[in-house]
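Morning, everyone. Please bring up the sequence and the model, and keep both in view while I talk.

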Amino acid sequence: MKRILLLAILLMPCMTFAQQDAWVFFTDKENVATSIANPLTILTQEAIDRKASHGVAIDERDVPVNESYITQIKQQTGITVLAKSKWMNCVHVRGSEADIDALETLGFVSSIEFADDSLTSFAPDFENPKNEPVSVQQRVTYNYGATENQVTMLSADFLHEQDFTGAGMIVAVLDSGFPGVDTNAGFARVRDEGRLLDGYDFVARVDNEFAFGGSSHGTRTASDIAGFIQDQFVGTAPDVSLYCFRTEDVASENPVEESYWVEAAERADSLGVDVINTSLGYRNYDNPNYSYSYEDMDGQTAFISRGSNLAFEKGMLLVTSAGNSGTDMIAAPADAPGVLTVGAVDSNGNYVGFSSIGPSSDGRVKPDVMAKGQSSAVIIPNGTITTSSGTSFSSPIMAGAVTCFWQAFPEKTNEEIMQLVRESAHLFDTPNAQMGYGIPNFEDAFTNTLSVGEESAFAKAYTLSPNPSSNIVQIQFPEGIERARIAIYDMLGKQVINTDVTTTDNVVAIDRLTTGVYIVQIQDDTLSTTQKLIKQ
């Protein structure tokens with residue numbers, strides 16, 4: 001399977017591969033205690049606040065890889081370093097088998113894992129993720145236009161009507177390229193409001209330039225989340241802030257793309273991203289010795305699946321495509337326990353034959369849920385609305401809806417949100433290999449969460465409006481609170497505003513702030529809360 005890209009790929013004849021790919025793991029890191037004690041040296045304030053709000057510890061895995069180790073690896077004969085992972089404390093290298101084996105003589109190298117597992121004499125022992133999923137488990141009105149069926153199928157329009165449209169939430173899309181996202185009319189709203197935060201190309205190792213070029217696959221997937229054309233097209237989270245990370249190289253099929261993905265996920269975590277969408281999947285490679293078997297789809301074997309579980313532990317919510325191989329089963333990272341895996345249905349909610357099926361090789365329900373993936377409405381690089389088919393599109397449609405749902409209940413953990421979504425699906429009591437738990441109903445998920453004692457976010461906590469804003473922000477108080485102190489911090493943790501507000505004097509001027517993302521801390525006699533603010 002050539003991941004989940006809708007591209008025609010010619011099969012190349014078998015050939016000999018003199019160069020090997022491998023992951024080289026290190027024994028330790030430097031300045032760990034100092035870095036953890038001073039987290040702003042390794043994470044943004046936004047990432048720190050997100051972790052704190054969800055009870056996620058900052059630990060050694062957040063500390064960068066020792067750069068002196070990487071430099072020494074690069075100096076070894078015949079070795080090229082292609083990527084690195086701080087979570088797994090390793091680098092992805094390419095070289096001859098002999099040259100890679102020679103790296104074991106370096107005192108700081110703990111182990112080497114070849115992509116061709118027949119060459120690995122000892123594989124690192126990875127712990128299972130700490131949070132395994134359970135085994136069985138009227139304010140905004142849009143004219144949705146082309147997206148009406150895919151939005152209303154999930155009752156995501158109900159969330160929008162409650163004013164949960166993704167505002168203040170951050171989504172990272174990891175894909176193969178995003179041409180037009182920085183220019184076309186379908187993304188003008190996210191750009192004009194300062195919510196297109198950045199683009200980075202992990203394949204070419206450059207900022208912006210190639211991320212907003214290359215394959216249009218990422219443009220299409222991102223449009224199903226954040227795209228907006230008045231009365232014609234509305235993504236499932238039209239008010240999110242967006243990062244576009246290119247991790248997929250469509251010119252070849254090599255496990256280094258898994259390493260690029262893990263690097264991008266680590267960067268997303270450090271930037272405070274809430275939700276990652278991945279419309280990619282990995283099973284078969286140009287070098288068949290690197291390919292994964294179905295038995296490897298246990299959520300713990302593929303490098304990208306291990307990285308996904310770590311991203312889940314770090315507090316992010318990951319949504320990924322099941323795959324387009326039908327009965328050929330799911331691909332990595334769709335097999336990961338820490339991922340919400342999405343299959344495809346048609347406009348009537350019926351299973352589509354190309355949608356990869358489960359379960360995972362260790363017997364877990366996969367896919368988790370379903371969304372429209374046949375003839376999904378998308379925006380292409382020139383700004384035109386058209387349709388595309390594949391679980392590549394059911395995934396971002398779901399990711400946007402999940403983002404809006406999490407916005408409504410920000411105190412919930414990623415694991416709790418995923419389980420609430422599963423429980424709202426129409427096959428939750430009778431999951432099957434084709435559709436998992438079925439099609440979620442976000443209105444049911446919302447009302448069911450409230451019915452067990454939760455208050456809605458706008459009734460329970462402070463709210464900021466407008467958000468994004470260019471000049472002022474108004475503070476709406478919870479019932480019974482009349483005074484609070486507001487502190488606003490930039491992404492480097494510098495306090496830029498500190499003032500008192502009351503129910504009668506609740507407007508804060510932000511016109512002198514530069515465009516970007518800020519953290520707003522609100523403190524009263526009984527409540528302390530942190531929220532994101534987008535300055536246009």
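β17 runs antiparallel to strand β18, residues 472-476, and three bridges join them. Within that pair, T463 stands opposite Q476 of β18. Two strands count as paired if DSSP finds at least two bridges between them.

Before I go on, some ground rules. This is a predicted model: local features need pLDDT of at least 70, side-chain atom pairs count only at pLDDT 80 or more, and totals for chains, interfaces and linings use all residues. Residues are numbered from 1 along each chain as its sequence is written, and side-chain values use heavy atoms, with hydrogens and water left out.

Back to the sheet. It is open, with three strands in the order β17-β18-β21, and the pairing is antiparallel. Which strands sit at the edges? They are β17 (463-465) and β21 (507-509), each pairing on one side only. Neighbouring strands here are turned by 30° against each other on average, direction ignored.

Now the whole chain. The protein chain has 14 helices and 23 strands. Both are DSSP runs numbered from the N terminus: helices are H or I with at least four residues, strands are E with at least two. Of the 536 residues, 61% are buried. Buried means under 20% relative accessible area, with a 1.4 Å probe and protein chains only. The chain exposes about 20,000 Å², and carbon and sulfur atoms supply 48% of that. Those areas come from the Shrake-Rupley method with a 1.4 Å probe.

Next, the helices. Take α11, residues 391-408. This helix has 18 residues and reaches 26 Å from first C-alpha to last, close to the 26 Å expected at 1.5 Å a residue. The expected span is 1.5 Å times one less than the number of residues. How many of its residues are buried? For α11, 18 of 18.

Then a helix pair. α9 (residues 256-270) and α10 (residues 303-313) pack at about 10°, with axes 8 Å apart. The axes are lines fitted to C-alpha atoms over the stretch in contact, and angles run from 0 to 180 degrees between N-to-C directions. So α9 and α10 are roughly parallel, a label for angles under 35 degrees. The contact, meaning heavy atoms within 4.5 Å, is made by E258, S259, W261 and V262 of α9 and F303, I304, G307 and S308 of α10.

Last, a hairpin. β15 (residues 376-379) and β16 (residues 385-388) pair antiparallel over four bridges. I379 has I385 in β16 as its bridge partner. Five residues lie between the strands, and G383 takes a positive phi near 90° in this hairpin.

Definitions and conventions
Buried < 20%, exposed > 50% of the residue type's maximum accessible area, 1.4 Å probe, protein only. Parallel < 35°, antiparallel > 145°, perpendicular 65-115°, else oblique.
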